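Please read this briefing alongside the sequence and the 3D view.

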Amino acid sequence: GRLQKIDSEGWGAKRHIEFVYDPQGYVAKRMNIEEGEGDVYLIITTYEYILFDTEGNWTMRKAKKECDWAEPETKIETRKIEYYE
């Protein structure tokens with residue numbers, strides 16, 4: 001029941017985004033494949049989940065982005081979720 005792939009096209013380029021999930025259902029890996037003007041670019045982002053709230057939703061994760069044309073980039077992503085009764 002999870003989104004596996006997104007295909008889009010526009011401005012002379014095609015983009016494919018594929019998702020891989022961990023056993024808990026969180027995105028473990030995102031692969032962006034972009035095609036345009038005869039070139040193909042691949043960007044892979046892997047996620048490590050660090051903190052969760054009392055409802056089981058992630059509130060902090062590490063995202064590592066890798067591609068052929070730049071050094072790997074790692075950043076910490078956080079989010080705050082408000083729950084209403």
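Two strands pair if DSSP finds at least two bridges between them. Strands (E, at least two residues) are DSSP runs, numbered from the N terminus. β5 and strand β6 (residues 70–78) run antiparallel and are joined by seven bridges. This is a predicted model, in which local features need pLDDT of at least 70, side-chain atom pairs count only at pLDDT 80 or more, and totals for chains, interfaces and linings use all residues. Residues are numbered from 1 along each chain as its sequence is written, and side-chain values use heavy atoms, with hydrogens and water left out.

**Strand pairing**
- β5 and β6 form a hairpin, with two residues between them.
- Within this pair, Met-60 has Thr-78 of β6 as its bridge partner.

**Core**
- A nonpolar core is a set of buried Ala, Val, Leu, Ile, Met, Phe, Trp, Tyr and Cys residues joined through side-chain atoms within 4.5 Å.
- Buried means under 20% relative accessible area, exposed over 50%, and partly exposed in between (1.4 Å probe, protein chains only).
- Eight residues make up the largest nonpolar core: Ile-17, Phe-19, Tyr-26, Val-27, Tyr-47, Tyr-49, Trp-58 and Ala-63.
- Two or more residues of this core come from each of β2 (13–21), β4 (39–52) and β5 (58–67).
- Not counting residues up to four places away in sequence, Trp-58 touches (heavy atoms within 4.5 Å) residues including Tyr-26, Tyr-49 and Arg-79.

- Thr-45 is found in strand β4 and is buried, with a relative accessible area of 11%.
- Thr-59 lies in strand β5 and also counts as buried, at 19% relative accessibility.

**Salt bridges**
- The whole structure holds three salt bridges, each a side-chain nitrogen of Lys or Arg within 4 Å of a carboxyl oxygen of Asp or Glu.
- Arg-15 forms one with Glu-34, with the closest N and O atoms 2.9 Å apart.
- Arg-15 is in strand β2 and Glu-34 in strand β3 (residues 27–36), so this pair ties together parts that are 19 residues apart in sequence.
- Lys-62 forms a salt bridge with Glu-48, the closest N and O atoms being 3.4 Å apart.
- Lys-62 is in strand β5 and Glu-48 in strand β4, 14 residues apart.
- Glu-77 and Arg-61 meet through their side chains in a salt bridge (2.6 Å, N to O).
- Glu-77 is in strand β6 and Arg-61 in strand β5, so the pair ties together parts 16 residues apart in sequence.
- Glu-77 counts as buried at 19% relative accessibility, and Arg-61 counts as buried at 14%.

Notes:
Helix = DSSP H or I, 4+ residues; strand = E, 2+ residues; numbered from the N terminus.
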